[in-house]
Amino acid sequence: MKSRDELVKSTLRMTLTAVHTVEVAGTQARELDDAEVQAVIAKEAKKRAESAEAFAAAGRDELAAQERAEGEVLARYLPQQLTDDELATLARDAVAAVEAQTGQAPGPRQMGLVMKQATAAAAGRADGKRVAAAVKGLLAAPQ
């Protein structure tokens, strides 16, 4: 706020409002822990990305740029995202773990089991769509 950066200030205020809304939602107000706050920030960042896509598709480039800039501000407060190579390794490890549990190589029908392992290992460092694509690629490939 001291730097008078309006973009950062408005983005952080919007995020604090979203956190407060989650805190008071439900039957009783509660304090969010760090993981829950991080989940709210990730949700807000995802909203910004989706809005930027929608604005760009509608030809509203100035609004799309604003949404992307807000997303970049929020990305500063999220853990570093996994690279494609790290994600592929994580997916292979999840497939191997399920194979060790079941005693056979998982196929497309066991995607839920593999996704459970992979999502837990990713722990908010990768979007669910990216994790699902990596797992689906491994399960669909002939072994």
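This is a predicted model: local features need pLDDT of at least 70, side-chain atom pairs count only at pLDDT 80 or more; totals for chains, interfaces and linings use all residues.
## Helices H1 and H2

On the H1 side the contact is made by Met 14, Thr 15, Ala 18, Val 19 and Val 22, and on the H2 side by Val 37, Val 40, Ile 41, Glu 44 and Arg 48. Sorted by class, the residues of this contact of H1 with H2 are seven nonpolar, one polar and two charged.

Arg 48, which belongs to helix H2, is buried because its relative accessible area of 11% falls under the 20% cut-off. Leaving out residues up to four places away in sequence, Arg 48 touches Met 14, Glu 67, Glu 70, Gly 71 and Leu 74, and Arg 48 is also one of the H2 residues that make the contact with H1.

Glu 50 is likewise found in helix H2, which spans residues 34–57, but Glu 50 is partly exposed, with a relative accessible area of 44%. Glu 50 and Arg 68 are separated by 18 residues in sequence, and their C-alpha atoms are 9.5 Å apart in space. In helix H1 lies His 20, which is partly exposed with a relative accessible area of 46%. The C-alpha atoms of His 20 and Leu 32, two residues that are 12 apart in sequence, are 9.0 Å apart in space.

## The largest nonpolar core

In soluble globular proteins, nonpolar side chains tend to be buried together. The largest nonpolar core of this model has 17 residues, of which Leu 87, Val 114, Val 131 and Val 135 touch the most other members. Two or more residues of this core come from each of helix H4 (84–102), helix H5 (111–122) and helix H6 (128–140), and H4 gives the most, with six residues.

For Val 131, once neighbours within four places in sequence are set aside, the contacts are with Leu 87, Met 115, Ala 118, Thr 119, Ala 122 and Ala 126.

H4 passes H6 in a right-handed crossing. Asp 84, Leu 87, Ala 88, Ala 91, Arg 92 and Val 95 of H4 make this contact with Arg 130, Val 131, Ala 134, Val 135, Leu 138 and Leu 139 of H6. By class, the residues of the contact of H4 with H6 are nine nonpolar, no polar and three charged.

The axes of H5 and H6 come within 10 Å and cross at roughly 135°, so H5 and H6 are oblique to each other, and their crossing is right-handed. In this pair, Met 111, Val 114, Met 115, Ala 118, Thr 119 and Ala 122 of H5 meet Gly 128, Val 131, Ala 132, Val 135, Lys 136 and Leu 139 of H6. The residues of the contact of H5 with H6 comprise nine nonpolar, two polar and one charged.

How values were computed
Residues are numbered from 1 along each chain as its sequence is written. Side-chain values use heavy atoms; hydrogens and water are left out. Helices (H or I, at least four residues) and strands (E, at least two) are DSSP runs, numbered from the N terminus. Buried means under 20% relative accessible area, exposed over 50%, partly exposed in between (1.4 Å probe, protein chains only). Contact means heavy atoms within 4.5 Å. Ala, Val, Leu, Ile, Met, Phe, Trp, Tyr, Cys and Pro count as nonpolar, Asp, Glu, Lys and Arg as charged, and the others, Gly among them, as polar. A nonpolar core is a set of buried Ala, Val, Leu, Ile, Met, Phe, Trp, Tyr and Cys residues joined through side-chain atoms within 4.5 Å. A crossing is left-handed if the near helix is turned anticlockwise from the far one by less than a right angle, and right-handed if clockwise. Axes are lines fitted to C-alpha atoms, for helices over the stretch in contact, and angles run from 0 to 180 degrees between N-to-C directions. Angles under 35 degrees count as roughly parallel, over 145 as roughly antiparallel, 65 to 115 as roughly perpendicular and the rest as oblique.
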